[in-house]
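Welcome! Keep the view open as you read, and take the topics in any order you like.

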Amino acid sequence: MKYKKILVCDDDQGILEMLELLLEEDGYQVVLEPNSVNALKTIERESPDLILLDIWMPMISGDQILRALRDNHKISSIPVLMYSASTDGKNIAESCGADSYISKPFDLTVLLEKIEELLKA
Amino acid sequence: MGKENHINTKKINVPLDLGVLYKVLDASVTGIVITDNLLPDNPIIYCNPAFEKISGYIRSEIIGHNCRFLQGKDRQQSERKIISTALGKGESCTVEIRNYTKKGKLFYNELYISPVKDESGQITHFIGIQNDVSSRRKSQQELELVQQETERKVEERTRMYRESQEYLSSIVETIRESLLVMDKDYKVLTANNHFLNTFKVSINETKGKLLYDLGNGQWNIPELKKLMEEILPTNNPVLDFEVKHDFPHIGKKLMLLNAHRIELEGRYKDWILLAIEDITDQRALQQRKDDFLSIASHELKTPLTTIVGYMQLMERMMPENASNKFKGIVEKTGKYVQRLNQLLSELLDVSRIQTGNITLHQEEFDFDKMVADAIESIRAATPSRKISLTGKIGRNFTGDESHLIQVISNLLSNAIKYSADNTPIEVQVSSISDFIKVSVTDRGMGISEDELSNIFDRFYRVGEVQKHYPGMGIGLYLCQQIITNHGGTIWAESQKNVGSTFNFTLPMH
């Protein structure tokens, strides 16, 4: 069950580090991608079991990445959990085909539950 | 009378029987007297019945008297001088003289006196023709009085009008709003300086023109036209009508229009006053403020997410043997970080509501379960408080579940905050007609009458509450916005030191 690989894509270094600590503490292998422009390449290279994806990022936004990901058959089936501080984040996540959504700031217990659920499926 | 049986032979030149002449004089409705100038004191030798009637004396009291008896004691009249001067020269004269009847009643006598001369030119008689012109004179005097009064009133009115004109024009010219007065055909009668300056037009380009022809037809908007056309017949004013237009000379502007029928003491009913306010800058400022609120709260959420995360990690990784003091510190920090998060969420919500960006989700959900869940989450956070729930709806409701949870949570946390720990809080749910009603009652400090009407205002906080409980005072404002957006109403009832009940209703679709 454990040692699954989770890729986190967020432009905010603070969140990346915090999530890295949390996820590693919980026994996951973590890959961080702070630059949304490189996200798709990194996903292809790392082929993670799950992606945590922020929506509002400079250059390329999370929903653009997700749409491109769903069109790429090599990685299209990877479950994606999106998150955002924006109130319409949930609508955006649903419309671009995210498997799950959580709003910032997140409750870590809820986040871990959602991650576990997606990995089980 | 003399020996001759004809009068003024030069003119009439027809011999006449004296008896006939007297009959003519007796029949006249004009008072006639004849005096004999050759006798001492020029006594009256003849008077006709009309004269008796005018004077109130009978013939026997008249004959032999000088005419002056008619003036009684009123001897200082200037008319007497006119008479004596004319008579002295042997000329006729007409005067209007004050005479008195036998009973002493004043009457105005229009008197024509004509001398009668013999062949040698000596004045032998005077003929006096008399008319009582009192009533004529009275009406004349009355007329004069009325005229004077009218003139005075006109003068007064003119002065008042001029003053109120000056008063009005000083207001009209001072006010920082553009004003147009139009007649019933929407033709501009006047425009104030602010209008001319704002739109950079001259009075000639404006006065006498039709409203819809002004500028490049900037006011020629069908919707506005329809509203304007209703002003005169229905007296329905145009209120806060926004016009966004690329105006000549001044460019793109947002104008706020208000128009009313002009009524001044029942006059000018067919005139329209149009007030135009340039709200371009005001609106832009509002927008910038909302943008700032939105960006600021959104940007603040990102570092807060990291802080919240680390706080939770601290709790999870707390060593078994950590001191209670340390555990307490971590717990308190966590609580206040949550509070900060809550405040930021509210700020974000306010800015969204202000810009009209709050989107209500319309989803069907179990209303009773929603209420129970909201109560349960509050109970979990404050297990020491007793919260009871009575009543149920028993059917689904279509609306924004998460926002309604927010409303109930907000009302509950207020009830907890503002009442003592050992007092109960009651939540009552009922369906009334086609409405859902929810009430949250506490036994707390209550809210005074005059503060009750303000509590739903943005950033309003009850005076003494401010001292004891931190917060921004937007919770109830948000509740109101959410309930209003659902087509419902929210209100509070309260009694100082007894408690408060917050109620809201929602229409079932």
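Two strands are said to pair if DSSP finds at least two bridges between them. With that in mind, strand 1 (residues 5-9) of chain A pairs with strand 3 (residues 50-54) of chain A: four bridges join the two, which run parallel. Please note that this is a predicted model.

**Chain A as a whole**

- Chain A has 121 residues, of which 37% count as buried.
- Five helices and five strands make up its secondary structure, and along the sequence they follow the pattern β-α-β-α-β-α-β-α-β-α.
- If we take the contacts in chain A between residues at least 6 apart in sequence, 58% of them join residues at least 24 apart.

**The sheet of chain A**

- The five strands form an open sheet with parallel pairing, in the order 2-1-3-4-5.
- Strand 2 (29-33) and strand 5 (100-103) of chain A are the edge strands, and each pairs on one side only.
- From one strand to the next, the twist of this sheet averages 20°.
- In general, strands of a sheet pair through backbone hydrogen bonds, either parallel or antiparallel.

**A closer look at strand 3 of chain A**

- How many residues of strand 3 of chain A are buried? Five of the five are, so this strand is largely enclosed by the rest of the structure.
- Leu50(A), Leu52(A) and Asp54(A) point one way from the strand, while Ile51(A) and Leu53(A) point the other way.
- That arrangement goes with a general rule: in a regular strand the side chains alternate between the two faces of the sheet.

- Helix 2 (residues 39-46) of chain A lies across strand 1, strand 2 and strand 3, and runs at about 175° to strand 1 of chain A.
- Helix 3 (residues 62-71) of chain A lies across strand 3 and strand 4 (80-84), and runs at about 145° to strand 3 of chain A.
- Which residues of helix 3 of chain A are buried? They are Gly62(A), Asp63(A), Ile65(A), Leu66(A) and Leu69(A).
- Seen down the axis of helix 3 of chain A, these buried residues fall within an arc of 155°, so they line one face of the helix.
- The buried residues of helix 3 pack against helix 2, strand 3, strand 4 and helix 4 (89-95) of chain A.

**Where the two chains meet**

- 14 residues of chain A are in contact with 16 residues of chain B.
- Helix 1 (residues 13-25) of chain A gives the most to the side of chain A that touches chain B, with five residues.
- By class, this side of chain A has eight nonpolar, three polar and three charged residues.

**Chain B as a whole**

- Chain B has 509 residues, and buried residues make up 22% of them.
- Its secondary structure comes to 14 helices and 17 strands.
- Among its contacts with a separation of 6 or more, 52% are between residues 24 or more positions apart.

**A sheet and a helix pair in chain B**

- An open sheet of five strands in chain B has antiparallel pairing and the order 2-1-5-4-3.
- Its edge strands are strand 2 (44-47) and strand 3 (93-100) of chain B, and its twist averages 30° from one strand to the next.
- Strand 1 (residues 31-36) and strand 2 of chain B pair in the antiparallel sense over three bridges, with Cys47(B) as the bridge partner of Val33(B).
- Helix 4 (residues 78-88) of chain B lies across strand 3 and strand 4 (106-117) of chain B.
- Elsewhere, the axes of helix 11 (residues 401-417) and helix 14 (residues 475-485) of chain B come within 9 Å and cross at roughly 145°.
- The residues of that contact divide into six nonpolar, five polar and no charged.

How values were computed
Residues numbered from 1 in each chain as written. Chains lettered and ligands numbered in written order. Predicted model: local features only at pLDDT ≥ 70, side-chain atom pairs only at ≥ 80, totals over all residues. Axes fitted to C-alpha atoms, helices over the stretch in contact; angles between N-to-C directions. Contact = placed C-beta atoms within 7 Å. Buried ≥ 20, exposed ≤ 12 C-beta atoms within 10 Å, placed from the backbone. Nonpolar A, V, L, I, M, F, W, Y, C, P; charged D, E, K, R; others polar. Arc of directions from axis to C-beta.
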